Amino acid sequence: MSLPTASTIPPLTQRRLALTDLLRRHSMLVILAVLYAIVASTANGFMTVDNQLNILRNIAVPGIIACGMTLVIIVGEIDLSVGSMVAVSSCITAWVVQRASGHAFEPQWYFVVLGIVVTLGFAAGIGWLNGALRHRIGVPTFITSLAMMATLAGLANLITNGSAIEAFPSWYYIIGSGRLLGVPVPVYLLLFTFVLTFVIANYTTLGRAIYSVGGNMEAARLSGINVWRTKTICMMLVAVFAAIGGIVYSSLINSGNPTIARGMELEVISAVIIGGVSLFGGRGSVFGAFIGVLFLGVVINAMTLWGFNPYAQQVVRGALILAAVFVNFTIDRR
């Protein structure tokens, strides 16, 4: 018995199959559109320009980190230390500015630039160390990044002695709270990071290597791809993106604070999974992760407008994460 070919399938069936495939590949967009329709019809003020910009501003930091986390998970690894990296980055930036300026009342711009450069360099070094521990010693990143999470949290408290450092000049708020053409500056940082990561994943040799390593590491190695370098670059990127998030947060609160971004790693990872990135590596997209971050942002905003209790919001977010992981595992087992 011969199998049916495209030419033997009736046109109506072909259209139905095409529509089914389109919905499957863009199911998260469909769900997001349905969510928008429901919230817009039930929550006052949801569709206003200010509220939409507020959603984008609130998802800016987790969205920036999610771009890097997407590459890390596609390559078959995970990083649980990004929340602590956000906190320690804000503290290092503030500490360097304070020390370099000698407690000046209004530190000069170059002290701030120095603090940012030192922070980004520190983050890149931590990312490299995570990659080295994974592939030089063979320790899974689940364990190394878990240990790094505790280490960075302790370092943030050690630097600040457990309290916030207020060392930034008055104009520093622009990074986290300023606006350009009416749009919050963190939204521009999010779009820049998203476009950069999208180009890396889809139009570069590194992007092809990331998907190859995540899909079949041994086959990638035999084809000449440097597996260690590919994974380490991904670990460095997510660490640097987390550091950028820390700089944005330090601007929002005008200080370096060791207590910020607690639990952010769960928010970022859940958004990436909701966006369709496989926990087993090799599958997913930066655009899907962006949709996942936006979906969570809309859910949180909607629950706030509906007047949900903050504890109830945590329950809903936890249920969403559980549902996303269940769907992710179900798809990967097929």
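This is a short tour of the model, with something to select at each stop.

Before you click, know that the model is predicted, so to speak of local features a pLDDT of at least 70 is needed, side-chain atom pairs count only at pLDDT 80 or more, and totals for chains, interfaces and linings use all residues. Residue numbers start from 1 along each chain as its sequence is written, and side-chain values use heavy atoms, with hydrogens and water left out.

**Stop 1: Thr-42**

Select Thr-42, which is found in helix 2 (residues 27-42); helices here are DSSP runs of H or I with at least four residues, numbered from the N terminus. Thr-42 is partly exposed, at 47% relative accessible area. That term covers the range between buried (under 20%) and exposed (over 50%), using a 1.4 Å probe and protein chains only. Then pick Ala-302, 260 residues away along the chain from Thr-42, and you'll find the two C-alpha atoms separated by 9.2 Å.

**Stop 2: the Phe rings**

Next, select Phe-194 and Phe-198. They sit four residues apart in helix 9 (residues 185-203), so about one helical turn separates them. Phe-194 is buried at 14% relative accessibility, while Phe-198 is partly exposed at 29%.

Rings of Phe, Tyr and Trp (its six-membered ring) pair if their centres lie within 6.5 Å; planes under 30 degrees apart are stacked, over 60 edge-to-face, and the rest tilted. Phe-290 belongs to helix 14 (residues 286-306) and Phe-194 to helix 9, so this pair ties together parts 96 residues apart in sequence. Both Phe-194 and Phe-290 are buried. Bring in Tyr-203 as well, and you have a cluster of Phe-194, Phe-198, Tyr-203 and Phe-290 linked by ring pairs.

**Stop 3: Arg-136 and Trp-228**

Select these two together. Arg-136 lies over the face of Trp-228, at 4.5 Å from the ring centre. To count, CZ of Arg (or NZ of Lys) must be within 6 Å of the ring centre and within 35 degrees of the ring normal.

**Stop 4: Ile-174**

Finish with Ile-174, whose place is in helix 8 (residues 174-177). Ile-174 is partly exposed, with a relative accessible area of 40%.

Conventions
Helix = DSSP H or I, 4+ residues; strand = E, 2+ residues; numbered from the N terminus.
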